[in-house]
Amino acid sequence: MSTPDFTGSRIDHLNIAVPDLAAAVAFYEPVLAAIGIGTTMTVPASSELPAMHGFGWPHKPYFWLIDGGQVGTNMHLAFTVDTHEAVRTFHATAIEHGATSLHAPGDHPLYHDKYHGAFVTDPHGINLEAVCHR
């Protein structure tokens, strides 16, 4: 039996509040760049909105950091990548920029037979993952 395609998503975008936007952006820019995700938009603070920083690809922001908030408990965010090498690159870059390793790159057959991922905790306590479903 073949493994179903786990690569798609119907989530349009996700906002995560962080207590220090500048520190979060300093971490996420190199880590996400390592897996092909870049800054697509920034929104300065106004009387109506806090400052926001959007990441995405190629031009659409789908992951937003929002200034002046608190990170929720048990927050987990996984980014899909195309190769096992990209999982390793994500993990190494995240560690280099201040993350703590939770699970080194490896297979996780608990989820499905082709699940290959790496998990880190970012400097604000968010559990991040890069996963390849191939």
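These questions and answers concern the helices and the sheet of a predicted model.

User: Why is helix 1 called roughly antiparallel to helix 2?
Analyst: The axes of helix 1 (residues 21-33) and helix 2 (residues 84-96) cross at roughly 155°. Angles over 145 degrees count as roughly antiparallel, so helix 1 is roughly antiparallel to helix 2. The two axes come within 8 Å, and the crossing is right-handed.

User: Which residues of helix 1 and helix 2 meet?
Analyst: Phe27, Pro30 and Val31 in helix 1 meet Phe90, Thr93 and Ala94 in helix 2. By class, the residues of this contact are five nonpolar, one polar and no charged.

User: What makes strand 1 and strand 2 edge strands?
Analyst: The open sheet has four strands in the order 1-4-3-2, with mixed pairing. Strand 1 (14-18) and strand 2 (38-43) each have a single partner strand, so one side of each lacks a neighbour in the sheet. On average, and with direction ignored, neighbouring strands of this sheet are turned by 25° against each other.

User: Where does helix 1 lie relative to the strands?
Analyst: Helix 1 lies across strand 1, strand 2, strand 3 and strand 4 (61-67). Its angle to strand 4 is about 155°.

Terms used
Residues are numbered from 1 along each chain as its sequence is written. This is a predicted model: local features need pLDDT of at least 70, side-chain atom pairs count only at pLDDT 80 or more; totals for chains, interfaces and linings use all residues. Side-chain values use heavy atoms; hydrogens and water are left out. Axes are lines fitted to C-alpha atoms, for helices over the stretch in contact, and angles run from 0 to 180 degrees between N-to-C directions. Helices (H or I, at least four residues) and strands (E, at least two) are DSSP runs, numbered from the N terminus. Angles under 35 degrees count as roughly parallel, over 145 as roughly antiparallel, 65 to 115 as roughly perpendicular and the rest as oblique. A crossing is left-handed if the near helix is turned anticlockwise from the far one by less than a right angle, and right-handed if clockwise. Contact means heavy atoms within 4.5 Å. Ala, Val, Leu, Ile, Met, Phe, Trp, Tyr, Cys and Pro count as nonpolar, Asp, Glu, Lys and Arg as charged, and the others, Gly among them, as polar. Two strands pair if DSSP finds at least two bridges between them.
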